[in-house]
Amino acid sequence: MDASVLGYLAVARPWAVLALVAGSVFFSLVAVVGFYRLPDVYARAHAASKSETLGALLALAAAAVAFGPGAESLKLALLALFVLVTGP
């Protein structure tokens, strides 16, 4: 790879991780607010499950970007697939 491309990736990776973690925190907070504010158990379960699933997937994506390509990212991808399959 060209040295300028590697320099760009070295700068872009932490910002990508930061953006993914910020999105994860946002959707996790939305799940908490939805769980607290919604009136019945079904609405609470819906708000918590959808938002928290997206928050968890963004957190796993942030970890995969932070680790870079390799076995760790493959394990995180399998974990994300497990979250998608088992989440409501």
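I take a polar contact as a pair of N or O atoms within 3.5 Å; within protein, one must be able to donate a hydrogen and the other to accept it, and residues adjacent in sequence count only if both atoms are side-chain atoms.

**Ground rules.** I am working on a predicted model, where local features need pLDDT of at least 70, side-chain atom pairs count only at pLDDT 80 or more, and totals for chains, interfaces and linings use all residues. Residues are numbered from 1 along each chain as its sequence is written, and side-chain values use heavy atoms, with hydrogens and water left out.

**Entry 1: overall fold.** I looked up the secondary structure (DSSP runs numbered from the N terminus: helices are H or I, at least four residues; strands are E, at least two). The protein has three helices and zero strands. Along the sequence I read α-α-α.

**Entry 2: surface.** Of the 88 residues, 23% count as buried (under 20% relative accessible area; exposed is over 50%, partly exposed in between).

**Entry 3: serine 73.** I found this residue in helix H3, residues 71-86. Is serine 73 buried or exposed? Serine 73 is buried, because its relative accessible area is 15%. Its side chain reaches the backbone oxygen of alanine 64 at 3.2 Å. I then listed contacts (heavy atoms within 4.5 Å). Not counting residues up to four places away in sequence, serine 73 touches Ala64, Phe67 and Gly68.

**Entry 4: H2 against H3.** I fitted axes as lines to C-alpha atoms, for helices over the stretch in contact, with angles from 0 to 180 degrees between N-to-C directions. The H2 and H3 axes come within 9 Å and cross at roughly 170 degrees. H2 is therefore roughly antiparallel to H3 (a label for angles over 145 degrees). From H2, the residues making the contact include Ala64 and Phe67; from H3, they include Ser73 and Leu76.

**Entry 5: the core.** I looked for nonpolar cores (buried Ala, Val, Leu, Ile, Met, Phe, Trp, Tyr and Cys residues joined through side-chain atoms within 4.5 Å). Which residues make up the largest nonpolar core? Leu57, Leu60, Leu76, Ala80 and Val83 do, five residues in all. H3 gives the most, with three residues. I also checked leucine 60: leaving aside neighbours within four places in sequence, leucine 60 is in contact with Leu76, Leu79, Ala80 and Val83.

Note on methods:
Buried < 20%, exposed > 50% of the residue type's maximum accessible area, 1.4 Å probe, protein only. Parallel < 35°, antiparallel > 145°, perpendicular 65-115°, else oblique.
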